[in-house]
Amino acid sequence: MPKLKSNRGASKRFRRTGSGGFKHAQSHLNHILTKKSTKRKRHLRHCKQVDASDTATIRQMLPYA
């Protein structure tokens, strides 16, 4: 059986966690930052866990992750 290709967009956005889930960076931290509060920007820096209902889809896009 041939090798499977990973979805290149997904491979740049998601990383595998030790427990088998996926983590991703949060959005809304790239531009138009002046109107956003410091607290809001600080909280957006941290990674979030991908929801369990989406994990199967990401696992299919990243077969070797």
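1. Surface. Accessible areas here come from the Shrake-Rupley method with a 1.4 Å probe, and for residues only the protein chains shown count as cover. On that basis the protein chain exposes about 5600 Å². Carbon and sulfur atoms supply 52% of this area.

2. Ground rules. This is a predicted model, in which local features need pLDDT of at least 70 and side-chain atom pairs count only at pLDDT 80 or more, while totals for chains, interfaces and linings use all residues. Residues are numbered from 1 along each chain as its sequence is written, and side-chain values use heavy atoms, with hydrogens and water left out.

3. Overall dimensions. The protein chain has a radius of gyration of 15 Å, whereas a compact globule of 65 residues would have one near 11 Å. The radius is taken over C-alpha atoms, and the globule rule is 2.2 Å times the number of residues to the power 0.38. Along the principal axes, the C-alpha atoms fill a box of roughly 50 × 25 × 20 Å. Buried residues make up 20% of the 65 residues. Buried means under 20% relative accessible area, exposed means over 50%, and partly exposed lies in between (1.4 Å probe, protein chains only).

4. Elements. The protein chain has 3 helices and 3 strands. From the N terminus on, they run α-β-β-α-β-α. Both kinds are DSSP runs numbered from the N terminus: helices (H or I) need at least four residues, strands (E) at least two.

5. Sheet. The 3 strands form an open sheet in the order E1-E2-E3, with antiparallel pairing. Strand E1 (14–16) and strand E3 (48–49) are the edge strands, each pairing on one side only. E1 and strand E2 (residues 22–24) run antiparallel and are joined by 3 bridges. Two strands pair if DSSP finds at least two bridges between them. In this pairing, arginine 16 stands opposite phenylalanine 22 in E2. As background, strands of a sheet pair through backbone hydrogen bonds.

6. Core. The largest nonpolar core has 6 residues: Ala10, Phe14, Phe22, Val50, Ile58 and Leu62. Such a core is a set of buried Ala, Val, Leu, Ile, Met, Phe, Trp, Tyr and Cys residues joined through side-chain atoms within 4.5 Å. Valine 50 is in contact with Phe14, Phe22, Lys23, His24, Thr55 and Ile58, leaving aside its neighbours within four places in sequence. Contact means heavy atoms within 4.5 Å. Across the protein chain, 60% of contacts between residues at least 6 apart in sequence join residues at least 24 apart.

7. Threonine 17. This residue lies in the loop between E1 and E2. Threonine 17 is buried, at 19% relative accessible area. Its side chain reaches the backbone nitrogen of glycine 21 at 3.0 Å. A polar contact of this kind is a pair of N or O atoms within 3.5 Å; within protein, one must be able to donate a hydrogen and the other to accept it, and residues adjacent in sequence count only if both atoms are side-chain atoms. Not counting residues up to four places away in sequence, threonine 17 touches Phe22, Lys23 and Gln49.

8. Threonine 55. Helix H3 (residues 52–61) holds threonine 55. At 11% relative accessibility, threonine 55 is buried. A polar atom of its side chain lies 3.1 Å from the backbone oxygen of aspartate 51. Beyond residues up to four places away in sequence, threonine 55 touches Phe22 and Val50. Histidine 43 is 12 residues from threonine 55 in sequence and 23 Å away in space, C-alpha to C-alpha.

9. Serine 11. Helix H1 (residues 8–13) contains serine 11. Serine 11 counts as buried at 18% relative accessibility. The serine 11 side chain reaches the backbone oxygen of arginine 8 at 2.8 Å.

10. Backbone angles to check. Most residues other than glycine have a negative phi. Histidine 28 has a positive phi of about 70° although it is not a glycine. Isoleucine 32 also has a positive value, near 55°. Histidine 28 is exposed, at 55% relative accessible area. Isoleucine 32 is partly exposed, at 47%.

11. Arginine 40. This residue lies in helix H2 (residues 38–44). Arginine 40 is partly exposed, at 44% relative accessibility. Arginine 40 and alanine 65 are 25 residues apart in sequence and 31 Å apart in space, C-alpha to C-alpha.
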